[in-house]
Amino acid sequence: MWQRRGPTAVIVFLALAGVLLVTWAATVGPTGVLGGDGPMPHPREAPTTFEPLPETAEEADQDEQQQGDSLVADFVGVVGQAVAVVVGIAALVLAGLLLVLAARGVRRLVEEVAARRGPPDPEATAFDALDARTRLARAITEDADRQRDLLTSGSPRNGIVHCWHRFEELAGEAGIGRHTWEAPGEFALRILTTIDADEDAAYRLTTLYREARFSHHELDEVAREEALDALVTIHLGLAARTGIAP
């Protein structure tokens with residue numbers, strides 16, 4: 001029985017609720033149903049504003065004094081920077097003047113020393129050059145055994161190169177230096193020319209040195225023998241002039 005009345009009771013309840021809703025809507029009208037004033041907002045307090053207190057005479061005097069001190073400090077800083085720049089420029093100018101005076105003093109001193117010594121003696125200069133050539137000729141003649149040992153030691157290439165470098169060492173010991181623009185071969189050839197060595201022998205030895213120094217092929221014992229013959233010829237020619245047996 002309750003199962004059959006359940007749906008009916010629900011329908012009756014919904015119908016009564018609908019009637020009540022329609023009655024309420026008719027009473028308040030459509031504007032009241034759809035519009036309304038809504039919930040009342042909470043009242044808000046107006047923001048509190050604070051008015052600045054009037055500045056006292058003492059505080060105004062302090063502000064003016066601080067502004068004055070700041071201006072004085074800025075002025076002093078600018079003046080200090082200007083003074084530093086002027087002092088720096090003056091120091092640079094003074095240093096330049098001192099350098100100029102020092103350079104003039106050194107130049108005068110050099111001129112005075114040169115005037116006291118006088119011009120170089122051409123005969124003395126020629127004698128020095130002649131003496132250097134004589135020392136070199138004697139040194140090469142006295143060192144003949146050492147040169148032959150270098151030439152006959154090691155491979156033909158190394159022997160020829162070492163013998164040629166020995167000429168350069170002897171020239172340096174005799175006071176004849178190599179020019180910056182001279183190649184090693186040119187320097188040694190100038191050495192042999194300076195001491196008036198046999199021209200043909202010097203040329204053959206120079207050619208063999210360049211071949212040994214700069215070529216990429218192997219040199220045989222024939223090249224060593226040719227270099228040894230040229231070296232002996234040079235020694236014999238120097239011995240005839242210096243009187244020293246090689």
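The structure is a predicted model, in which local features need pLDDT of at least 70 and side-chain atom pairs count only at pLDDT 80 or more, while totals for chains, interfaces and linings use all residues. Residues are numbered from 1 along each chain as its sequence is written, and side-chain values use heavy atoms, with hydrogens and water left out.

Helices (H or I, at least four residues) and strands (E, at least two) are taken as DSSP runs and numbered from the N terminus. In sequence order the pattern reads α-α-α-α-α-α-α-α. Of the 246 residues in the protein chain, 22% are buried; buried stands for under 20% relative accessible area, exposed for over 50%, and partly exposed for values in between, with a 1.4 Å probe and protein chains only. Among the contacts in the protein chain with a separation of 6 or more, 67% join residues 24 or more positions apart. A contact is defined by heavy atoms within 4.5 Å.

Helix α5 (residues 156-174) packs with helix α8 (residues 221-242): their axes come within 8 Å and cross at roughly 25°. Helix α5 is therefore roughly parallel to α8. Axes are lines fitted to C-alpha atoms, for helices over the stretch in contact, and angles run from 0 to 180 degrees between N-to-C directions. Angles under 35 degrees count as roughly parallel, over 145 as roughly antiparallel, 65 to 115 as roughly perpendicular and the rest as oblique. The crossing of α5 and α8 is left-handed, a term used if the near helix is turned anticlockwise from the far one by less than a right angle, with right-handed used if clockwise. On the α5 side, Pro 156, Ile 160, Cys 163 and Phe 167 take part, and they meet Glu 221, Ala 223, Arg 224, Ala 227 and Leu 231 of α8. This contact of α5 with α8 has seven nonpolar, no polar and two charged residues. In this classification Ala, Val, Leu, Ile, Met, Phe, Trp, Tyr, Cys and Pro count as nonpolar, Asp, Glu, Lys and Arg as charged, and the others, Gly among them, as polar.

Helix α5 also packs against helix α7 (residues 199-214), at an angle of about 120° and with the axes 9 Å apart. The two helices α5 and α7 are therefore oblique to each other, and their crossing is left-handed. In α5, Arg 157, Ile 160, Val 161, Trp 164, His 165 and Phe 167 meet Leu 205, Thr 206, Leu 208, Tyr 209, Glu 211, Ala 212 and Arg 213 in α7. By class, the contact of α5 with α7 comprises eight nonpolar, two polar and three charged residues.

Arg 157 lies in helix α5 and is buried, at 17% relative accessibility. Leaving out residues up to four places away in sequence, Arg 157 touches Glu 211, Ala 212, Ser 215, His 216, His 217, Glu 218 and Leu 219. The C-alpha atom of Arg 157 is 7.4 Å from that of Arg 213, although 56 residues separate the two along the chain.

The axes of α7 and α8 come within 9 Å, with a crossing angle of roughly 145°, and this crossing is left-handed. Ala 201, Ala 202, Arg 204, Leu 205 and Leu 208 of α7 meet Ala 223, Glu 226, Ala 227, Asp 229, Ala 230, Thr 233 and Ile 234 of α8. The contact of α7 with α8 divides into eight nonpolar, one polar and three charged residues.

Gln 147 belongs to helix α4 (residues 144-152) and is buried, with a relative accessible area of 0%. Beyond its neighbours within four places in sequence, Gln 147 contacts Ile 140, Cys 163, Arg 166, Phe 167, Leu 170, Leu 231 and His 235. Gly 237, in helix α8, is partly exposed, with a relative accessible area of 31%. Its C-alpha atom and that of Thr 141, 96 residues apart along the chain, are separated by 9.4 Å.

Asp 196 is placed in the loop between α6 (184-194) and α7 and is exposed, at 55% relative accessibility. Most residues other than glycine have a negative phi. The phi of Asp 196, by contrast, is positive, near 60°.
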